[in-house]
Amino acid sequence: KNLDNNSVALVITSPPYVEQRKKYYNSIPEIDYPMWTVSWMRLLKNKLKENASVCINIRPHIKNGQISNYVAKTVDVLREDGWIECEELIWYKPDSPPMGSIKRPRRAWESIKWFSLTNKPFCNPKANGTISNRIGFEQSKFEESNSGYVHRGQNKAKTGIARCTDVIICGTSKVEKGYNHPAMFPPEVPEYLIRMLSKEGDLILDPFIGSGTTGRVAEKLNRKWIGFEINNDYMVKS
């Protein structure tokens, strides 16, 4: 309540997954998860800047041989509540442990759902881009004729910074060591999002901040941050 309205530029968070880590923390029942998410997302609405973004790291589990649909339902009710689903990014973990059902391929990725209250959120897609000698090459020209599509030639490629992709490649081995937390993401995940979806000096919020990874990365990138956590032990190094 003490957080200023129109102050937050970016929210990055990984809320508790549905009943997957009962040994470590209480979680939300699957049937309640969509509206629970709507409830805490509603608290953000007045706090966000006009062009702010919210990124939620989440992936459904397999239940009785079928992918649980609570994430899909959550996305649907958020859209009904006025949120715009801007994009889905993928966090690819090439060194992921053998999680998930032994009768399915090894799980090596998680979703990052990107929401905003505007269809024009701040985004700098070249912030994580790399040098490419194919800039403009993909804009090939075609024209339609009686026999189909005829190639008219391609733009001459240039060298420059290409837009970043929608895949964040970072192994779980890069998670910061020494923190008492069962489900940390590596710093490279929030770093990718912070660089792309905010500017220096912006305020970054993580309402389920856990061990504080989002905050530490925000400081490194010259952003301000605030986080909330109900377990004080998570942010203390062992």
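# Questions and Answers on a Predicted Model

Guide: Just after helix α4, Asn-222 takes a positive phi of about 60°. The structure discussed here is a predicted model.

Visitor: Which residues of helix α4 are buried?

Guide: In α4, which spans residues 213-220, the buried residues are Thr-213, Thr-214, Gly-215, Val-217 and Ala-218. The buried residues of α4 pack against β1 (8-13), α3 (188-197), β12 (203-206) and β13 (224-227).

Visitor: How many helices and strands does the chain contain?

Guide: The chain has four helices and 13 strands. Of its 238 residues, 43% count as buried.

Visitor: Why is the pair of Asp-81 and Lys-45 called a salt bridge?

Guide: The closest N and O atoms of Asp-81 and Lys-45 are 3.3 Å apart. A salt bridge requires a side-chain nitrogen of Lys or Arg within 4 Å of a carboxyl oxygen of Asp or Glu, so the pair qualifies. Asp-81 lies in the loop between α2 (70-80) and β5 (84-92), and Lys-45 in the loop between α1 (33-42) and β2 (48-58), so the pair ties together parts that are 36 residues apart in sequence.

Visitor: What makes Lys-93 and Glu-110 a salt bridge?

Guide: The closest N and O atoms of Lys-93 and Glu-110 are 2.7 Å apart, and the cut-off is within 4 Å, so the pair forms a salt bridge. Lys-93 lies in the loop between β5 and β6 (109-116), while Glu-110 is in strand β6, so the pair ties together parts that are 17 residues apart in sequence. Lys-93 counts as buried at 10% relative accessibility, and Glu-110 counts as buried at 13%.

Visitor: Which residues do salt bridges with shared partners join into one network?

Guide: Arg-42, Lys-45 and Asp-81 are joined into one network in this way. The structure holds eight salt bridges.

Visitor: How many aromatic pairs are counted, and why is the pair of Tyr-33 and Trp-36 called tilted?

Guide: The count comes to five aromatic pairs. The ring centres of Tyr-33 and Trp-36 are 5.2 Å apart and their planes stand at 55°. Planes under 30 degrees apart count as stacked and over 60 as edge-to-face, so this pair is tilted. Tyr-33 and Trp-36 are three residues apart in helix α1, separated by about one helical turn.

Visitor: What makes the pair of Trp-40 and Phe-208 edge-to-face?

Guide: The planes of Trp-40 and Phe-208 stand at 80°, and over 60 degrees counts as edge-to-face, so the pair receives that name. Trp-40 is in helix α1 and Phe-208 in the loop between β12 and α4, 168 residues apart. Tyr-33, Trp-36, Trp-40, Tyr-70 and Phe-208 form one aromatic cluster.

Visitor: How do you know that Lys-93 lies over the face of Trp-91?

Guide: Lys-93 is at 4.9 Å from the ring centre of Trp-91. The distance limit for a charge over a ring is within 6 Å, so the value meets that limit.

Methods: Residues are numbered from 1 along each chain as its sequence is written. This is a predicted model: local features need pLDDT of at least 70, side-chain atom pairs count only at pLDDT 80 or more; totals for chains, interfaces and linings use all residues. Side-chain values use heavy atoms; hydrogens and water are left out. Helices (H or I, at least four residues) and strands (E, at least two) are DSSP runs, numbered from the N terminus. Buried means under 20% relative accessible area, exposed over 50%, partly exposed in between (1.4 Å probe, protein chains only). Contact means heavy atoms within 4.5 Å. Rings of Phe, Tyr and Trp (its six-membered ring) pair if their centres lie within 6.5 Å; planes under 30 degrees apart count as stacked, over 60 as edge-to-face and the rest as tilted. A charge sits over a ring if NZ of Lys or CZ of Arg is within 6 Å of the ring centre and within 35 degrees of the ring normal.
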